[in-house]
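Hello,

Here is the structure I promised to pass on to you. Please open it beside this email, and then read on for what I found in it.

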Amino acid sequence: MPARSPHDAQVPNVVPALAMFFGLMVLAGFVPQPLTPATLLAAKAAPPWALSLVAAVAATAAAFVDHRLVRTTFQIKALAEIRKKALFQRAEGWVKVAPFLTTAAFAALPLPFIIVRILMPLTGYPALRYAVAVGLGRAPRIYVIAVVGKELDIPTELLVGALALGALVSLAAFVQQRRAPKA
């Protein structure tokens with residue numbers, strides 16, 4: 001039997017992990033989900049750089065949808081009235097100072113991204129620039145989480161449980177919102 005070289009080693013198939021991660025990233029744009037459990041789970045099978053790249057692409061794709069959705073939603077009269085409030089106008093002014101940097105920073109850091117997700121499209125900031133900033137911001141964040149996941153090797157069962165819990169909480173919030181009496 002011939003000796004095996006290191007090059008004969010099987011390369012792990014990371015495609016399923018990357019596909020799952022991409023799907024969860026896009027889903028998180030519509031149904032609020034913490035990305036950390038999905039990232040840590042995917043990091044068991046895929047290298048951090050690959051997860052970072054997939055996250056950047058998924059976040060960019062979701063950002064185009066966000067941009068359009070927010071602009072369309074705020075055409076509703078009740079929401080349009082919110083924009084006339086002094087605090088809202090002040091916040092819009094703040095994000096206009098450095099919109100690309102602000103968007104990338106909120107996407108990269110553990111800051112409430114919903115603020116930027118709503119304000120940037122409403123300020124008239126172009127969708128392409130917004131989406132690129134989101135993608136560039138998400139990439140380093142996901143990379144760091146994936147590297148930590150590789151180092152800590154958190155039990156798979158715990159991560160799957162966290163994903164399931166996040167899905168249940170989102171579903172419960174959705175059902176409760178649908179059942180709430182209309183004003």
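**What I found**

Of the 183 residues in the chain, 36% count as buried. Please keep in mind that this is a predicted model.

Let's begin with the overall picture. The chain has nine helices and zero strands, so its pattern along the sequence reads α-α-α-α-α-α-α-α-α. Among contacts with a separation of 6 or more, 79% are between residues 24 or more positions apart. The chain exposes about 11400 Å², and carbon and sulfur atoms supply 70% of that area.

**Two helix pairs**

How do helix α2 and helix α9 cross? The axes of α2 (residues 35-42) and α9 (residues 156-179) come within 9 Å and cross at roughly 150 degrees. Because angles over 145 degrees count as roughly antiparallel, that is what α2 is to α9. Their crossing is left-handed. On the α2 side, the residues that meet α9 are Pro 37, Ala 38, Leu 40 and Leu 41. On the α9 side, you will find Thr 156, Leu 159, Val 160, Ala 162 and Leu 163. Sorted by class, this contact has eight nonpolar residues, one polar residue and no charged residues.

The second pair is α3 with α7. The axes of helix α3 (residues 48-73) and α7 come within 8 Å, with a crossing angle of roughly 70 degrees. Angles from 65 to 115 degrees count as roughly perpendicular, and therefore α3 is roughly perpendicular to α7. Here the crossing is right-handed. From α3, the residues Asp 66, His 67, Val 70 and Arg 71 meet Arg 117, Ile 118, Pro 121 and Leu 122 of α7. By class, the contact of α3 with α7 has four nonpolar, one polar and three charged residues.

**Helix α6 and its neighbours**

Which residues of helix α6 (residues 99-108) are buried? They are Pro 99, Thr 102, Thr 103, Ala 104, Phe 106 and Ala 107. These buried residues pack against α5 (86-96), α7 (113-122) and α8.

One of them, Ala 104, also leads us to Val 132: the two are 28 residues apart along the chain, and their C-alpha atoms are separated by 8.4 Å. Val 132 sits in helix α8 (residues 127-152). With 34% relative accessibility, Val 132 counts as partly exposed, because that class lies between the 20% and 50% cut-offs. Leaving aside residues up to four places away in sequence, Val 132 touches Thr 60 and Phe 100.

**Two more residues to look up**

Ile 115 belongs to helix α7. Its relative accessibility is 37%, so Ile 115 counts as partly exposed. Ile 115 and Glu 92 are 23 residues apart in sequence, and 9.7 Å apart in space from C-alpha to C-alpha.

Lastly, where is Asp 153? You can find Asp 153 in the loop between α8 and α9. Asp 153 has a positive phi of about 50 degrees although it is not a glycine. At 53% relative accessibility, Asp 153 counts as exposed, because the cut-off for that class is over 50%.

Enjoy exploring the structure, and write back with any questions.

Best wishes

Methods
Residues are numbered from 1 along each chain as its sequence is written. This is a predicted model: local features need pLDDT of at least 70, side-chain atom pairs count only at pLDDT 80 or more; totals for chains, interfaces and linings use all residues. Side-chain values use heavy atoms; hydrogens and water are left out. Axes are lines fitted to C-alpha atoms, for helices over the stretch in contact, and angles run from 0 to 180 degrees between N-to-C directions. Helices (H or I, at least four residues) and strands (E, at least two) are DSSP runs, numbered from the N terminus. Angles under 35 degrees count as roughly parallel, over 145 as roughly antiparallel, 65 to 115 as roughly perpendicular and the rest as oblique. A crossing is left-handed if the near helix is turned anticlockwise from the far one by less than a right angle, and right-handed if clockwise. Contact means heavy atoms within 4.5 Å. Ala, Val, Leu, Ile, Met, Phe, Trp, Tyr, Cys and Pro count as nonpolar, Asp, Glu, Lys and Arg as charged, and the others, Gly among them, as polar. Buried means under 20% relative accessible area, exposed over 50%, partly exposed in between (1.4 Å probe, protein chains only). Accessible areas come from the Shrake-Rupley method with a 1.4 Å probe; for residues, only the protein chains shown count as cover.
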